[in-house]
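Please load the model and keep the selection panel at hand. The stops below proceed from one selection to the next.

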Amino acid sequence: MQLSKRMRLLASKVTEGNRLADVGTDHGYIPIALILEKKIPSAIAMDVNQGPLERARAHIHTYRLDTYIDARLSDGLHGLKPGEADTVLIAGMGGALTVRILREGAHCLDTIKELILQPQSEIYLVRKYICGHGFCIVEEDMVKEDGKYYSVIKAVHGQTVPLNSEMLCYGDIRVQSSPEILLAYIQGEYEKYKRILEVLREKGQENTARMKELTEKSEGLARVLGQLLKLRAMI
């Protein structure tokens, strides 16, 4: 099965041999692909909406994988029992929703081995939550698809390294698997904020709260950019 670049990156992070719980499975493509590739023995494809779940069931049936993939109606992790999965995958949702799913799924997270998360927004909320609730980020990765950047976090149980404000927003570059893609993203964000700040200065808004906020963000981006360039020079 052909997966998009984003979905292929997500699938690649699932540890071989693990049982997968795919939250918000939509079409069920990732569990189907991983079963077909014999990378995982089984999966639970979960979705809160009946329509997407029926589409997933149809695709699962088309590939004759009904025995291996259980399509389950569930709001987040409410429908997952402790010990049913080794990997929990949550992708394509906002950061606040991802955090809610994790918080409300605490009943089963003690028995899973890894989290693979791809928030679409407010990623700092996700990093802050998991690192404050017994998980350690062991890998970050990034892909660019159709002009948009997507960050993927892989976390396991363990004591985390304290994250500063830049790490919360952009990740710990020491565990970043695609530093060149992150570098391109940071450079683009830095240039964007520079242009906005120039416009605000031209309008005489140097002393506004927005100017202060954007200046702090720009300075944070500059620090991360410097770290990435230093890392590249060492390779």
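Select the second largest pocket, which holds about 260 Å³ of space. On a 1 Å grid over the protein atoms alone, a pocket is an open set of points where a 1.4 Å probe fits, with protein on both sides within 12 Å along at least five of seven lines, and lining residues have an atom within 4 Å of a point. Grid points are joined across faces, edges and corners, and a volume is the space filled by probe spheres set on them. This is a predicted model, in which local features need pLDDT of at least 70 and side-chain atom pairs count only at pLDDT 80 or more, while totals for chains, interfaces and linings use all residues. Residues are numbered from 1 along each chain as its sequence is written, and side-chain values use heavy atoms, with hydrogens and water left out.

Sixteen residues line this second largest pocket, and Arg6, Met7, Gly24, Thr25 and Asp26 lie nearest its centre. Colour α1 (5-12), β1 (20-23), α2 (29-36) and β4 (87-94), the elements that each give two or more residues to this lining. Helices (H or I, at least four residues) and strands (E, at least two) are DSSP runs, numbered from the N terminus. The largest share of the lining, four residues, comes from β4. By type, the lining divides into eight nonpolar, five polar and three charged residues; Ala, Val, Leu, Ile, Met, Phe, Trp, Tyr, Cys and Pro count as nonpolar, Asp, Glu, Lys and Arg as charged, and the others, Gly among them, as polar.

Next, centre on Asp26, in the loop between β1 and α2. Its phi is near 60°, a positive value in a residue other than glycine. Asp26 is partly exposed, at 31% relative accessibility; buried means under 20% relative accessible area, exposed over 50%, and partly exposed in between (1.4 Å probe, protein chains only).

Then show the side chains of α1, where Arg6, Met7, Leu9, Leu10 and Ala11 are buried. These buried residues pack against α2, β4, β5, β6 and β7, contact meaning heavy atoms within 4.5 Å.

Move to the largest pocket, with about 600 Å³ of space. Which residues lie nearest its centre? They are Ile123, Tyr124, Cys169, Tyr170 and Tyr185, from a lining of 28 residues. The elements giving two or more residues to that lining are β5 (114-121), α6 (123-131), β7 (148-157), α7 (165-170), α8 (179-202) and α9 (209-234). The lining comprises 13 nonpolar, six polar and nine charged residues.

Within α6, select the buried residues Ile123, Val126, Arg127, Tyr129, Ile130 and Cys131. Their cover includes α4 (95-104), β5, β6 (135-145), β7 and α7.

Now display the cysteine sulfurs. The structure holds zero disulfides, a disulfide being a pair of cysteine sulfur atoms within 2.5 Å. Cys136 is in none, and the nearest cysteine sulfur, that of Cys131, is 7.0 Å away. Cys136 is buried, with a relative accessible area of 17%. Cys169 is partly exposed at 36% relative accessibility, and its sulfur is 13 Å from the closest cysteine sulfur, in Cys131, too far for a bond.

Finally, zoom out to the whole chain, with its nine helices and seven strands. Its C-alpha trace spans about 65 × 35 × 35 Å along the principal axes. Of the 235 residues, 46% are buried.
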